[in-house]
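These are my notebook entries on a single structure.

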Amino acid sequence: NFTVIMKTALFVVCMLLVSSVYSHTKEEWKSRSIYQVLTDRFARTDGGVESCKNLGNYCGGTYKGLINNLDYIQNMGFDAIWVTPIVKNLPGGYHGYWATDLYSLNENFGTEQDFKDLVTALHNRGMWIMVDVVANHMGPVGQDYSGINPFNQPEHYHDYCIINDSDFANDQWRVENCRLADLPDLKQENDFVKNTLLSWISDLVLRYNIDGLRIDTIPEVPKWFWSSFQQSAGVYCVGEVFDGRIDYVADYQNHVDALLNYPLRFTMIDVWKSGRSFYDLRQRLNDNKNYFKDVNALGVFVDNHDNARFLYQNTNQNGFKSALLFALFTEGIPITYYGSEQGYGGGNDPNNREQLWTNMDSSHPIYQMIKTANGIRKSHEVWKYPQVERYVDNNFYAFSRGNVLIALTNTDGNIQRTVTYLPFNEGDYVCNILGDSDCATINQGKLNVDLSGYKAKIYVKFNSLPKAETE
């Protein structure tokens, strides 16, 4: 018995040591650039390139497919990936949000060993894994919970009612206690439900060496629960509050590390898709600082799996590229949705969840732009520096992070400006990394910037460029 006890204790200590190596904090995640994938849509085990015939069901993407194509992601400069929820789902739950068993993995994506192999492959490359998790609901089984593990009793759920669209603005009680899209709503007030969810997330992170979590449906669960969930997880957590009201979203950062910055995302769409003034963006950034307790921890994104893509019914690729660049360099942790690098333009779910294996073109201009931008973001460690506005008017916005100057427009007109508030010194020779031979010497404290034709530019000192780019 003593031997068994000692072996068990040693195992626990070893697991804790491993966990401490791979579980990462909010501060550590600020240096990362995240690539979001739907596991079912990225790559197949057999390398097949047939188009998916039904985007509303499984298409065949797997963990092995991901492992085999990590070069595609890493070569774009990403050092973390966010994957679909991994637990077992009802048939048709390709997206991962229809859980039936918290203690089994979704066999459509591969075996448990396949998932462990993916995590190992990422860690061997210095990359991290973020797993999507759900603590609000289980899969759509009506009111027959007998097939759900472990929440198989009616008392594990709130009484039956459905959230109406108007509830989100008017009735928080219904948001927290009724069903979203008729998904059985877990009753976190029940001690068994609460304690099981808290121990489950702790065990999940420990068992699979998970580096961070994206949490689904944050407003649909009481705030007190998220404080406990964050503590039990022991890793960086970024939550989804699908709402444009900044005060409503920001308050949840008192309970989890971070949120996806939906308020900023809506403003970015207004500016680069609808041509709204950059003064609107300035106001949103100021509001960010006034409302959020830690802007730099927020997830910044243009597209994701819940919204029609930027390029849906929209041919403005230059606006899309400008928005992507802004997301990569503004304050926060950038998250780029798979397919953005190929100019995907799918509409509402499931049309924004296209398969990628038919279009893995690493020579695509947007892929190359993201690769270049991520490289500068990392080499200049921009997350260590505040965002400083350098110039703003209706159609021109320039800002810096450290010694990197980003200049953007929202129109294809004649856009020429002289920027005099610079992060550079007199005589510095600076170059736009997105254009060949687009260099200038800072003279009398001025830099003339021409964005005509909807260009975007990122200036750095020539002597700070990676060697390959200066040759």
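How much space lies in the largest pocket? I noted first that the model is a predicted one. For the largest pocket I recorded a volume of about 560 Å³. I then looked up its lining, which consists of 24 residues; Leu180, Asp216, Thr217, Glu240 and Asp306 are the closest to the pocket centre. By class, the lining holds eleven nonpolar, eight charged and five polar residues.

Next entry: helix H6. I found that H6 covers residues 112-124, 13 residues in total. From the first C-alpha to the last it reaches 18 Å, close to the 18 Å expected at 1.5 Å a residue. Which residues of H6 are buried? I listed Asp114, Phe115, Leu118, Val119, Ala121, Leu122 and His123. After the helix I checked Gly126, which follows H6 and has a positive phi, near 80 degrees.

Last entry: the sheet. I traced eight strands in an open sheet with parallel pairing, in the order E8-E7-E6-E5-E2-E1-E10-E9. Why is one side of E8 and of E9 left without a neighbour in the sheet? Strand E8 (258-259) and strand E9 (299-301) stand at the edges and each has a single partner strand, so one side of each lacks a neighbour there. Within the sheet I examined the pairing of E5 (residues 128-133) with E6 (residues 212-215), which is parallel and runs over four bridges. In this pairing I noted Val131 opposite Leu213 of E6.

How values were computed. Residues numbered from 1 in each chain as written. Predicted model: local features only at pLDDT ≥ 70, side-chain atom pairs only at ≥ 80, totals over all residues. Heavy atoms only, no water. 1 Å grid on protein atoms, 1.4 Å probe; cavity = no way out; pocket = protein on both sides within 12 Å on 5 of 7 lines; lining within 4 Å. Points joined across faces, edges and corners; volume = space filled by probe spheres on them. Nonpolar A, V, L, I, M, F, W, Y, C, P; charged D, E, K, R; others polar. Helix = DSSP H or I, 4+ residues; strand = E, 2+ residues; numbered from the N terminus. Expected span 1.5 Å × (residues − 1). Buried < 20%, exposed > 50% of the residue type's maximum accessible area, 1.4 Å probe, protein only. Pairing = 2+ DSSP bridges.
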